[in-house]
Amino acid sequence: MAADISDSAARAARDLRVVFSRLRRRIREVAQDTDLSPSQESALTLVGKHGAATASALAAAEGVRPQSMATTLAALDHHGLIRRAPDPDDGRRQLVTLTDAGRARTEGNRQVREEWLARAFQDRYTEEERQTVLRALELMERLSQP
């Protein structure tokens with residue numbers, strides 16, 4: 001670790017990464033349907049967030065190669081969760097959007113995950129602890145800023 005980084009900053013970084021990784025896995029497990037891989041679930045959520053997008057834009061947003069995204073989108077298309085339509089601005093490209101089934105799935109997963117997390121906060125923490133978490137999240141918001 002760099003000499004100008006305090007022990008507390010290094011520990012906070014390490015512990016936060018570990019806790020977030022575990023929490024992310026747990027949240028995914030809550031609504032995980034066994035017919036899609038984690039990368040397919042992630043891409044489906046991404047399409048839902050971005051609306052109509054090209055496969056290359058989705059690949060860039062997900063940080064994967066366009067070929068990998070094409071394979072992922074083919075699987076989602078096979079499940080009837082996305083549709084592809086010509087881009088009105090460039091007929092050589094296709095725009096990917098959610099089908100009604102894809103929208104229902106992403107919304108259902110989001111709702112199940114949010115309900116699980118809210119219930120976990122309700123059952124496992126006191127009101128004072130929940131307020132502490134909220135204050136910590138306000139501070140952590142700075143980490144997500146450029």
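**Ground rules.** I number residues from 1 along each chain as its sequence is written, and side-chain values use heavy atoms, with hydrogens and water left out. Because the model is predicted, local features need pLDDT of at least 70 and side-chain atom pairs pLDDT 80 or more, while totals for chains, interfaces and linings use all residues.

**Helix 1.** I took helices as DSSP runs (H or I, at least four residues), numbered from the N terminus. Helix 1 covers residues 7-31, 25 residues in total. I get 37 Å from its first C-alpha to its last, close to the expected 36 Å (1.5 Å times one less than the number of residues). I find A10, S21 and A31 buried (under 20% relative accessible area; exposed is over 50%, partly exposed in between; 1.4 Å probe, protein chains only). The buried residues of helix 1 pack against helix 5 (100-124), with contact meaning heavy atoms within 4.5 Å.

**Salt bridges.** I searched the whole structure and found 14 (a side-chain nitrogen of Lys or Arg within 4 Å of a carboxyl oxygen of Asp or Glu).

- D15 and R11 form one at 3.2 Å, N to O. Both sit in helix 1, four residues apart, about one turn. D15 is partly exposed at 32%; R11 is exposed at 53%.
- R105 and E41 pair at 2.9 Å, N to O. R105 is in helix 5 and E41 in helix 2 (residues 38-50), so the pair ties together parts 64 residues apart in sequence. Both are buried.
- R93 and D87 meet at 2.8 Å, N to O. R93 is partly exposed at 39%; D87 is buried at 6%. I also noted a salt-bridge network linking D87, D90, R92 and R93.

Notes: Helices (H or I, at least four residues) and strands (E, at least two) are DSSP runs, numbered from the N terminus.
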